[in-house]
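Keep the structure open as you read.

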Amino acid sequence: MMSDHKLAVITGAESGIGQACAIAFAQAGHDVAILYHTDAEAAGDTLAAVKQADSTGKIVACDISDEASVAAAFAAFESALGVAGVLVNSAGINQSGVCVADMELTQWRGMIGTDLTGAFLMSRRFVRSLHATGRGGAIVNIGSIHAFAVRAGAADYCAAKAGVRRLTETMALEEARHGIRVNAVSPGMILTPMNARAQADAAYRESLTNAIPVRRAGNAEEVAAAVVWLASPAASYVTGASLVIDGGLSLMLGQGA
């Protein structure tokens with residue numbers, strides 16, 4: 001079940017899926033803590049959209065890979081808005097196309113630090129606050145189909161997202177007794193700034209969507225709708241799940257072989 005305090009904290013809320021989630025939760029009646037890393041102007045755009053939905057928002061800068069930064073972010077939004085009942089771990093780095101043989105350790109560490117350690121640090125701090133209040137809540141992690149459908153040149157990304165999936169499942173077991181549900185979504189090709197070339201180049205986009213059974217890319221709002229549902233009372237019997245949102249792309253594994 002969810003906390004009775006309708007506050008959602010969302011990382012990476014300045015763009016893409018995170019921004020769409022912030023707006024969707026605001027439209028569903030939640031206040032929103034908008035966590036961003038570097039783009040304060042874009043976070044301001046998210047705040048404006050949250051306010052347009054007649055909800056309260058607060059912008060907080062946070063490096064989710066840094067324990068002290070996460071602690072400071074929680075202190076900032078909790079003092080203004082209270083304890084959150086929903087956490088969406090959306091902040092992440094996209095795959096680079098660099099093969100393991102050519103990958104620098106700094107790149108590997110950067111990816112794992114943001115996409116996996118960041119989800120760990122945020123989730124740990126979130127549940128600690130809920131444990132102190134005795135309230136239930138919900139975590140939704142933004143994973144990827146590449147947690148199980150690997151791509152060459154994305155070892156760091158695939159490893160991080162596979163870790164997020166196992167983190168989701170393990171925390172679902174640990175937190176069930178506290179009334180905290182933990183789920184994930186696994187998007188395929190979604191048109192966000194992380195897929196800037198596909199957004200801007202129609203021919204390139206078509207070359208990719210030809211491999212998707214529904215013959216199109218998804219959009220951030222479609223993912224956000226699923227995230228809001230997973231965090232809602234309508235999904236009160238769902239925990240430890242990873243909902244695939246990919247237009248059937250991952251079903252194409254092994255086709256033609």
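## Ties between H3 and H4

Arg-125 and Glu-78 join their side chains in a salt bridge, at 3.3 Å from N to O. This pair links distant parts of the chain, with Arg-125 in helix H4 and Glu-78 in helix H3, 47 residues apart. A salt bridge here is a side-chain nitrogen of Lys or Arg within 4 Å of a carboxyl oxygen of Asp or Glu. Helices (H or I, at least four residues) are DSSP runs, numbered from the N terminus.

This is a predicted model, in which local features need pLDDT of at least 70 and side-chain atom pairs count only at pLDDT 80 or more, while totals for chains, interfaces and linings use all residues. Residues are numbered from 1 along each chain as its sequence is written, and side-chain values use heavy atoms, with hydrogens and water left out.

Glu-67 also forms a salt bridge, with Arg-124, where the closest N and O atoms are 2.5 Å apart. Glu-67 belongs to helix H3 (residues 67-81) and Arg-124 to helix H4, so the pair ties together parts 57 residues apart in sequence. Glu-67 is partly exposed, at 48% relative accessible area, and Arg-124 is partly exposed at 23%. The scale is simple: buried means under 20% relative accessible area, exposed over 50%, and partly exposed in between (1.4 Å probe, protein chains only).

Thr-114 sits in helix H4 (residues 105-133). Is Thr-114 buried or exposed? Thr-114 is buried, with a relative accessible area of 18%. Leaving aside residues up to four places away in sequence, Thr-114 touches Ile-64, Ser-65, Ala-91, Gly-92, Ile-93 and Ala-119; contact means heavy atoms within 4.5 Å.

The whole structure holds six salt bridges. One of them joins the side chains of Arg-166 and Glu-169 (2.6 Å, N to O). These two are three residues apart in helix H5 (residues 155-175), and therefore separated by about one helical turn. Arg-166 is exposed, at 54%, whereas Glu-169 is partly exposed, at 26%. Arg-165, Arg-166 and Glu-169 are linked in a network of salt bridges.

## Where H1 meets H8

The axes of helix H1 (residues 16-27) and helix H8 (residues 220-230) come within 8 Å and cross at roughly 55 degrees. The contact is made by Gly-16, Ile-17, Ala-20, Cys-21, Ala-24 and Phe-25 of H1 together with Ala-220, Glu-221, Val-223, Ala-224, Val-227 and Val-228 of H8. Axes are lines fitted to C-alpha atoms, for helices over the stretch in contact, with angles running from 0 to 180 degrees between N-to-C directions.
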